[in-house]
There are 2 protein chains.
Amino acid sequence: MTRYQHLATLLAQRIEQGLYQGGERLPSVRTLSTEHGVSISTVQQAYHLLEEKQLITPQPRSGYFVTPRKAAPPVPAISRPAQRPVEITQWGSVLELINARLEEDMLQLGSGMPDISQPTIKPLWKVMSRLAQKQDLRMLNYDNIYGVPALREQVARLAIDSGCQLSADEIVITTGCHEALSVSIRSVCQPGDIIAVESPTFHGTMQTLHGFGIKVIEIPTDCETGISLEALELALDQWPIKAVVVVPNCNNPLGFVMPDNRKRGLLALAQRFDIAIIEDDVYGELVYDYPRPITIKSLDQDGRVMLCSSFSKVLAPGLRVGWVAPGRYLDRVIHMKYIGTGSTATQMQMTVAEFIRLGHYQPHLRRMRAHYQRNLDIFTHWVRHYFPCGICVTRPQGGFLMWIELPEAFDSVRLNRELRECNIQISVGSLFSAAGKYRNCLRLNYALPFNPQTERALAILGAAVERAMECCMPAIPAAAELPEKSEGGTAVNQ
Amino acid sequence: MTRYQHLATLLAQRIEQGLYQGGERLPSVRTLSTEHGVSISTVQQAYHLLEEKQLITPQPRSGYFVTPRKAAPPVPAISRPAQRPVEITQWGSVLELINARLEEDMLQLGSGMPDISQPTIKPLWKVMSRLAQKQDLRMLNYDNIYGVPALREQVARLAIDSGCQLSADEIVITTGCHEALSVSIRSVCQPGDIIAVESPTFHGTMQTLHGFGIKVIEIPTDCETGISLEALELALDQWPIKAVVVVPNCNNPLGFVMPDNRKRGLLALAQRFDIAIIEDDVYGELVYDYPRPITIKSLDQDGRVMLCSSFSKVLAPGLRVGWVAPGRYLDRVIHMKYIGTGSTATQMQMTVAEFIRLGHYQPHLRRMRAHYQRNLDIFTHWVRHYFPCGICVTRPQGGFLMWIELPEAFDSVRLNRELRECNIQISVGSLFSAAGKYRNCLRLNYALPFNPQTERALAILGAAVERAMECCMPAIPAAAELPEKSEGGTAVNQ
């Protein structure tokens, strides 16, 4: 850490601890320079950094002031979904979310889109172009249905970081993590079967389960430690559950990393009840702390964990290169892949394999981790600044998704409709529950570029939330004020 | 047609009609030159062309002789599958076929792989490389789930040739035709439903139906006019059939083009019984006669036809760019696509769109049509030459697949096992039937390069067939000779 970064961290801590209050004037550049025995320019650089993070605001001819802010909002409490299997619907709302991608001027606060504009991704273009120039006929041929061997080897190597000892033969390349999840689910379930999921659960997974006629049982999930093992055990006792789908690392939408002992506990439960674990690790590489957390797969002795991931969040989703390490279900997975799509596009696989082989992956990953962590700081600051009191906000440990919980009676579906007129789109919480829960929640993406347009969108969103919250406060009868609120929109958390 | 091509066609006709017999000496170059009033070099060019097609053979210092040949084998009779819904299995054999692709030195006579080595495909590499150099961020982004607009527009334009008036909005891009078929089937069927198919039917379609728990009823199919409308009507009367899957243009595996009036008849039946038609047109562009045949979709008034196709057979399968025009089932198809894979890889879509936009598609298509037609001539000649009498062979009107029917008791599964030791792989007929019929049939690919290695493979294959046929002739008790022959291996055609 350089001198000015060190100084900036120190000052940020003081602001965080309340030594400098919101609106208070900070010491002059000269004072600090003397006090800390550093140069004037070091202090100036430190102040610039804090200004960038929006912790302080310069005022011409007066110096720097602590940006006024509210106290950090609390994190949401553990979820309390219904403890019985339910059918999934919500396709209409998911389609709305997907179609919003087509509107070019729509600010997509609700998407799961990573930042693809960082310079460390540039070598990907060169690799692509060089491969095309080579005119390797393998790129035009039907791929090996398991995937390009060179890529499977690279995936196996990368998996070592998450504690996995996998050989290339144990990996199947898929059309994004979406196909990985889809073939995994179909490999262990028939229509009518029951699968346990975290609550809330990524809407893509929910829709895949729905599409294959599978019922889900939503398990209470803590936004810092993950799925409740106690509640899961109870559910396993009561229902003929076939598998559990979890996102233990950089959970979507809650952002937690499940502690290792809980991962072990989950695996032990799966062994005891002889069910499969479908582990979605698509955001796992984007954890902010080094080294990255282990996967449940890395603890798996009897091949019951199907590890699903992709390069969509770390590199780019348009590549559609994902993978699954399906353990004992390999043959079933190949069958399901064959009947769904056949092989995966060859050239994108070769591109990713070459990008990794040439050593571009780790520098890019390091940059994206730092980038998203910095984004989280700014975004959290904006949320504190522009949103009203009385909300709960997650503290993601990786990735670029934030979950905001508003008061019980809040209707995010209605909010979303209003915001569309301002060309802002959010992910409404009810998509993340089969039973239509979390209507009072929303998921936001902080991978977006941090420019005045994004800040303005946050300001509009915050103001809209504030207005809506005023309408739905207990003093006013909810039924009269919120005619569009559905039965499913009951609150989940206290 | 140039002068020498005209002369060559005339001579080929005379040989076909038996005016010049096998082994007979042809008129000298000088004689023909005088007789037809053309130059010496024109006659020489015509003879070279016939030599290339292996219709004639030069003998040093003696002139040209008609290549000795047997009479053309007859085409197979109409199929007679069981007239009841059956479950599909055969996955093991399909997997064997898929895995054969992984063995580099295996001569894949059984694959559906097109020839990707022709010069007219070269601009694809340039387009790919140029797109990468442009660093268009759209290539890395999640694609519109419907597909890249520029490509959907080009697909709509191309569809005019098959008589279709489609707008880009009616087209969904998929991960190959495989996904197009898969989402179409799932859009109109639930597990346990019944679908009618041609008999024989492409094993990929059969496996997709199997994978989704759908039963099939195999309808007798004529290898020159297609599915029997009379038998289909009977089946529709008897069973609650949800849809019919057909490959009416350049059928896989039979190679026929269904006459227009039968296409109309099929659509009328579908309307009367209110079922969907899933039309697989993946080989339709590769018909040998210009203009290309119409699709059933082009006749469709009420959106019940789901037209599935891809660029896999015309350009290259490794691109994994297919499409479906699902008519009234559009919303369902998008849902099924979302739950299966999400969007399709962006860059390959943009590459294909640009290849077409720059005018490279039609010249390539013209070349491939002529190329496969020429290949068919050579291949048919080799089959006549190296195979024993008593076989039936299809006369494909397009594409690059040939279907050979051997005597009833013949076991192609056993033949395939033997051939694998010679590094030759065929498609066994039983894969093309849910009821395990067509064990006495095989499908061959004539898109392979025509070199001595391919000819040698045909010779080995022919000799193996001959040996096997000797073993399975009625005189010898089949049970004793063919211990591995299964129950399903009964003959279908007379």
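Predicted model: local features only at pLDDT ≥ 70, side-chain atom pairs only at ≥ 80, totals over all residues.

**Where the chains meet**

Residues are numbered from 1 along each chain as its sequence is written, chains are lettered from A and ligands numbered from 1 in the order in which they are written, and side-chain values use heavy atoms, with hydrogens and water left out.

Chains A and B bury about 5500 Å² between them, 68% of it on carbon and sulfur atoms; buried area is the accessible area (1.4 Å probe) that two parts lose on being put together, summed over both. Trp125(A), Leu140(A) and Tyr142(A) supply 17% of the area that chain A buries against chain B, more than any other three residues.

**The sheet in chain A**

Next I turned to an open sheet of 8 strands in chain A, which has mixed pairing and the order 4-11-10-9-8-5-6-7. Strands are DSSP runs (E, at least two residues) numbered from the N terminus, and two of them pair if DSSP finds at least two bridges between them. Strand 4 (172-174) and strand 7 (226-227) of chain A stand at the edges with a single partner strand each, so one side of each is left without a neighbour in the sheet.

I also noted that strand 5 (residues 194-199) and strand 6 (residues 215-222) of chain A pair in the parallel sense over 6 bridges.

Conventions
Helix = DSSP H or I, 4+ residues; strand = E, 2+ residues; numbered from the N terminus.
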